[in-house]
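Here is a short tour for anyone about to work with this model. Take a look at the structure first, then read on.

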Amino acid sequence: MDTRRLAHHEFPILGRAYFLGGRASTSVKQVLREAGVDDAAIRRIAVACYEAEMNVVLHARSGYMAVDIYPDRVTIAVIDKGPGIENVDLAMTPGWSSATDEARALGFGAGMGLPNIREQADAMDIRTAKGDGVQLFLTFKREVTDDGAPPTGDSGTRG
Amino acid sequence: MEPPQPVTVGRAVEALDLGTCVSADPEALIAGAQVSDLLSYVMAEGQRGQVWVTIQTHPNIVAVAGLAGMHAIIIAGGFEPEPETIARAEEEGMGLFTSAQTAYLLAGKLYELGVR
């Protein structure tokens, strides 16, 4: 595993602000594009980030999304201050949701969030306890060329 | 039966008689469509270059369409987007259109035009 970290960025997420939801994920997509991450990986990361971000918006008071870009992978951490998940297995069940009626009427809370995230990520680690927030760690492999370099130039910037 | 011809955003806007809130590149080719009001579903199934027919009107639809790489959102059923939705679509360069027709009819017309 290549330990050279090329970039690190953090984006805040505001709980309950439904209509701002997606801003952090959109920012992540932007920095991945600038770093030359391949489109297929960006697509998978965007889906997972959006779902994780909306989980924070719908259920927590606040949180943040951190992205770390390495030559061979991208890692995402989504950390929130919220009620936590009492039963992770249940929350992983497609269709199961604890979203409010208000959120459901707006098209959220379909119970597809965590299942969608698990489908997109190459590795997923969730740490949570009731009343203790959620810490979600995701890893996505990125396309690497034969010489070990990413397909296009990395900006190498640190945010 | 002849294979369907490529359909541009401009042609769809004209044929479906859509109202324009935020314009999109009229020459962009439509690579399919989604019809759904569940954001997670569209996030998971939406593909680059598609258009999305929905009755949701809040700004989050722009985030979903943008993350999925879609060309445009069509708000069906005579619903109007919220001002914040229009602002966000302008900010992100996302096409935003409206129609008084139902999502069902719009989907049928898109299919008839050749969108697959």
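Which side chain of chain A meets B:Arg48 in a salt bridge? The partner is A:Asp39, with an N to O distance of 3.7 Å. Please keep in mind that this is a predicted model.

**The interface of chain B and chain A**

- The two chains bury about 1,800 Å² between them, and 49% of that area is on carbon and sulfur atoms.
- Chain B brings 25 residues to the contact, while chain A brings 23 residues.
- Two salt bridges are found across the interface, one of them being the pair B:Arg48 and A:Asp39.
- The rule also finds 17 residue pairs in polar contact between the chains, with both residues at pLDDT 80 or more.
- On the side of chain B that touches chain A, the elements giving two or more residues are helix 2 (39–45), helix 3 (60–68) and helix 4 (83–92) of chain B.
- That side of chain B divides into 10 nonpolar, eight polar and seven charged residues.

**A buried glutamate, A:Glu51**

- A:Glu51 sits in helix 2 of chain A, which covers residues 39–59.
- Is A:Glu51 buried or exposed? A:Glu51 is buried, yet it has no salt bridge.
- The nearest side chain of opposite charge belongs to A:Arg43, and it is 9.3 Å away; a salt bridge would need a nitrogen within 4 Å of a carboxyl oxygen.
- What the side chain of A:Glu51 does have is a polar contact with the side chain of B:Ser40, at 2.8 Å.
- Within chain A, the side chain of A:Glu51 makes another polar contact, with the side chain of A:Asn116 at 3.0 Å.
- Leaving aside residues up to four places away in sequence, A:Glu51 touches A:Gly113, A:Asn116 and A:Ile117 as well as B:Ser40 and B:Met43.

**Two backbone angles to look at**

- A:Arg16 is not a glycine, but its phi is positive, at about 70 degrees.
- You will find A:Arg16 in the loop of chain A that runs between strand 1 (7–14) and helix 1 (23–34).
- In chain B, Asp17 also has a positive phi without being a glycine; for B:Asp17 the value is about 55 degrees.
- B:Asp17 belongs to the loop between helix 1 (9–15) and strand 1 (19–22) of chain B.
- B:Asp17 is exposed, and its relative accessible area is 67%.

Conventions: Residues numbered from 1 in each chain as written. Chains lettered and ligands numbered in written order. Heavy atoms only, no water. Helix = DSSP H or I, 4+ residues; strand = E, 2+ residues; numbered from the N terminus. Buried < 20%, exposed > 50% of the residue type's maximum accessible area, 1.4 Å probe, protein only. Contact = heavy atoms within 4.5 Å. Buried area = accessible area lost by both parts, 1.4 Å probe. Polar contact = N/O pair within 3.5 Å; in protein donor to acceptor, adjacent residues only side chain to side chain. Nonpolar A, V, L, I, M, F, W, Y, C, P; charged D, E, K, R; others polar. Lys, Arg positive; Asp, Glu negative; His and termini not counted.
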